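This briefing covers the overall fold, the nonpolar cores and a few individual residues of the protein chain shown below. Please read it beside the sequence and the model.

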Amino acid sequence: MSGLAGTGANLEEEIVALMPAVRRFAMRFERSATDADDLTQDTMLKALANVDQFRPGTNVKSWLFTIARNTYCTKYRIRQRYTLHADMEVAGSGQAVQSTQEWSLRTREVDKAISSLDADKRRVLLMAISGESYEDIAGACGCGLGTIKSRIARARAVVIAALGETTAAGAVAAR
């Protein structure tokens, strides 16, 4: 393939055919093959979902590599900015990782606890969990930064209490 494409089914076929090249490119960013596979999959999904944004006559491979690089950079910035302190406490405590089934049950408990929050607290907590900065949340809610911080702190306290715990570390620790 030439790397230059038109639109429609031919472009989609070319995108899929370039998947091995995108995976090799992803391996430059990610240390593990699993993470590179995830980055490749995210890239392919974004490319196929936004095929209408591709400009005919440009290089498809370069377009895919740009999507992969931007996806990696976005995820990297989020990982650097937000660290789940509770997960770090659990990891540092030497506790064994729970089985998938136990985590699945705990996830349902957390979802139920978050659903029980009033709308304002639930909204700001979910925005914080999704990786938005406190400043962005304050702007979206039309509140001051202090108000957002206190809402998130109260929401976390309610969720932790609903889980029958006294600390965030206890909320994620093995039972």
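Contact here means heavy atoms within 4.5 Å. By that criterion, and leaving aside its neighbours within four places in sequence, threonine 40 is in contact with Met19, Val22, Arg23 and Ala26. The model is a predicted one, in which local features need pLDDT of at least 70 and side-chain atom pairs count only at pLDDT 80 or more, whereas totals for chains, interfaces and linings use all residues. Residues are numbered from 1 along each chain as its sequence is written, and side-chain values use heavy atoms, with hydrogens and water left out.

**Overall fold**

- The protein chain has ten helices and zero strands, where helices (H or I, at least four residues) and strands (E, at least two) are DSSP runs numbered from the N terminus.
- Of the 175 residues in the protein chain, 30% are buried; buried means under 20% relative accessible area, exposed over 50%, and partly exposed in between (1.4 Å probe, protein chains only).
- Among the contacts in the protein chain with a separation of 6 or more, 59% are between residues 24 or more positions apart.
- The accessible surface of the protein chain is about 11,100 Å², and carbon and sulfur atoms account for 54% of that surface; accessible areas come from the Shrake-Rupley method with a 1.4 Å probe, and for residues only the protein chains shown count as cover.

**Nonpolar cores**

- A nonpolar core is a set of buried Ala, Val, Leu, Ile, Met, Phe, Trp, Tyr and Cys residues joined through side-chain atoms within 4.5 Å.
- The largest such core has 15 residues, of which Leu125, Ile137, Ile148, Ile152 and Val159 touch the most other members; helix H6 (100–115), H7, helix H8 (134–141) and helix H9 (145–162) each supply at least two residues of this core.
- Apart from this core lies another, of twelve residues, among them Leu18, Val22, Met44 and Val51.
- Leaving aside its neighbours within four places in sequence, valine 159 is in contact with Ala113, Ile114, Leu117 and Leu125.

**Helix H7 and its ends**

- Within helix H7 (residues 119–129), the residues Val124, Leu125, Met127 and Ala128 are buried. They lie on the same side of H7, because they cover an arc of only 160° around the axis, the arc being that of the directions from the helix axis to the C-beta atoms.

- Threonine 40 lies in helix H3 (residues 33–49) and counts as buried, at 4% relative accessibility.
- Threonine 71, found in helix H4 (residues 60–81), is buried with a relative accessible area of 3%. Leaving aside its neighbours within four places in sequence, threonine 71 is in contact with Leu39, Asp42 and Lys46.
- The side chain of threonine 71 is joined to that of lysine 46 by a polar contact of 3.1 Å, and the side chain of threonine 71 also reaches the backbone oxygen of isoleucine 67 at 2.7 Å.
- Asparagine 50, placed in the loop between H3 and H4, counts as partly exposed at 29% relative accessibility, and its side chain reaches the backbone oxygen of lysine 46 at 2.9 Å.

Definitions and conventions:
Polar contact = N/O pair within 3.5 Å; in protein donor to acceptor, adjacent residues only side chain to side chain.
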